[in-house]
Amino acid sequence: MIQSLRRTVNVYGAIAAMVPKENLAYNIWVWMQFAVQIMSMIIFVYFWRAVYANATTLGGLSLQQTLNYILLAQIIAPLVENRLIFHFGFLVRSGQVAMELVRPIDFQARYYVESLAGLGVYLVQKLPLFLLAWAFLGLQLPADPAAWGAFAVSLILGQSILFFFDWFFACLAFYSTETWGLSVVRVGVATFFSGALVPLAMMPDWLQLLAAALPFAQALAVPASFLSGITPAAAAPQVWLIQLVWLMGLWVLSRRVFSLAVRKVTVQGG
Amino acid sequence: MKRYLRLYGYFLQQRFKILMEYRVNFLIGATSTIVMQIAGLLAIWVVMRQIPSLNGWNFDEVLLVYGLITASESITHMFADNLWTIGWGYVRSGEFDRFLVRPVDPLFHLLADRFCHDGIGNFLVGVTLVVKAMLSLGIALTPLNVLYLIVAILSGGAIFIALNLITATSAFWIVESIPVTQIVFNTHQFAKYPLSIYHRSIGLLLTWVIPYGFASFYPASYLLGRDVGALAWLGPVVAAGLLVIGYRVWQFGLRHYASTGS
């Protein structure tokens, strides 16, 4: 029992340890993403300042709350752009999926561990962005450790929700070969409904309903609201509970759908 | 010149034969970018319906700016997308060496090699936005205005292509040129909104250094009757100048090209 547990920890630990190495291998891409994110933060700051020239609050949010929220949203937005379906498409096309499926570890668990490790690496990597936003762009972060705790837990839960949603979505790659188009559609929908562009509170009711019915906001708007002073830390247990329900539901669904879809795999022998 | 036009037509014909082999993929590729555009537009709509104007620009006026930059961008997306892929698609693989021994200009060959259908969706969105905004604002589509629009969009497209050409040339030294291109290309995001909302230095940057302002803000200002002086007419001149610089830089890079040997 203990031995098998130790073995599991070792195997998945090794997988997680690979993630930072992979990220460091493509240094110039990291710099590119920095530059692109700084630009969009600057654009959003000027845009929202111009918007608030006409109003003191919008959707119940002050300028400072909106700026906090949007700056944080821009920092974590790339995490919502998961393209697992694109990767699945590649595995099917190249025939590698056959190799992946015969490995003696759980296919899904391996990717989940990778995605959690990726989240950690990402946050460490983006620390300079937090500092920049705080020093030059007017980001005000809460001093209350409870707000940080609520943010951290809901970010991990939200990213997990997104992972299991994407797993379920990526199974489409077993049926269709047009994975690039599907992943672009997925990124477009997620960018808007995660709340990366506009705080959800400013949307009209029908859009808010849609945003609540889709999982994307759980990974971005929900955690960012804790850190930008929109959702009080006291509401955390309730928010976490909703996220747990999402998580359980999508976890069960993703495993069922995968076990059905995987039978459709026809490896082309490439 | 005539020969090149005929050649381009021939390349295009071959490309469409390939694309039409997979019709559904073609349609999805051509339309999927529309979803991304809708996300951005929905965000502007959500905000603008609650306020009278953005720094004195109403919703339709902002759409005009947004539509012009989108249409200009689609020109490079459709006709010069290989400037993105030159590094990993041609230089790294050694494919580029083939262009050098053929009796056509290597740059022409590179661009003509792949018409990119993914830009069609953006083109449709851009043109639709411009026409919608002009109708709502009561700007007549007179022959002069239409001509101005076509020149503005083509000049904007040329500015995009020239800047991508300059940055793509870095592939001759560093092979992987996409990050360099992406950083400069991404500054066009500023030009999706009226430049007057930014600090003066950003406006100057987008006018004289990375002149995306000529692809959206200045032509929009002219059509709306806002006084921007000679800047309303400078777009084609800037575009032509930048193309010349871009071609020079490209030739300089070409002289320093040493194949990867793969």
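**Note on chain B: a nonpolar surface patch and its setting**

1. Val127(B), Val131(B), Leu135(B), Leu141(B), Val146(B), Ile150(B) and Leu154(B) make a nonpolar surface patch of about 560 Å². Bear in mind that this is a predicted model.

2. Which helices supply the patch? Helix α7 of chain B, residues 119-137, gives at least two of the patch residues. Helix α8 of chain B, residues 143-168, also gives at least two.

3. Val131(B) sits in helix α7 of chain B. Its relative accessible area is 32%, so Val131(B) is partly exposed. Patch residues need over 30% relative accessible area, and Val131(B) has 32%.

4. Now the fold. Chain B has 13 helices and zero strands. Read from the N terminus, the elements of chain B run α-α-α-α-α-α-α-α-α-α-α-α-α.

5. Next, the extent. Along the principal axes, the C-alpha atoms of chain B fill a box of roughly 60 × 40 × 35 Å.

6. Then the inside. Of the 262 residues in chain B, 56% count as buried. Consider the contacts in chain B between residues at least 6 apart in sequence: 77% of them join residues at least 24 apart.

7. Last, the whole surface. Chain B has an accessible surface of about 11,600 Å². Carbon and sulfur atoms account for 68% of that surface.

Terms used. Residues are numbered from 1 along each chain as its sequence is written. Chains are lettered from A and ligands numbered from 1 in the order in which they are written. This is a predicted model: local features need pLDDT of at least 70, side-chain atom pairs count only at pLDDT 80 or more; totals for chains, interfaces and linings use all residues. Side-chain values use heavy atoms; hydrogens and water are left out. Patches are made of residues with over 30% relative accessible area and no salt bridge: like charges are joined within 9 Å, nonpolar side chains (Val, Leu, Ile, Met, Phe, Trp, Tyr) within 5 Å. Accessible areas come from the Shrake-Rupley method with a 1.4 Å probe; for residues, only the protein chains shown count as cover. A salt bridge is a side-chain nitrogen of Lys or Arg within 4 Å of a carboxyl oxygen of Asp or Glu. Helices (H or I, at least four residues) and strands (E, at least two) are DSSP runs, numbered from the N terminus. Buried means under 20% relative accessible area, exposed over 50%, partly exposed in between (1.4 Å probe, protein chains only). Contact means heavy atoms within 4.5 Å.
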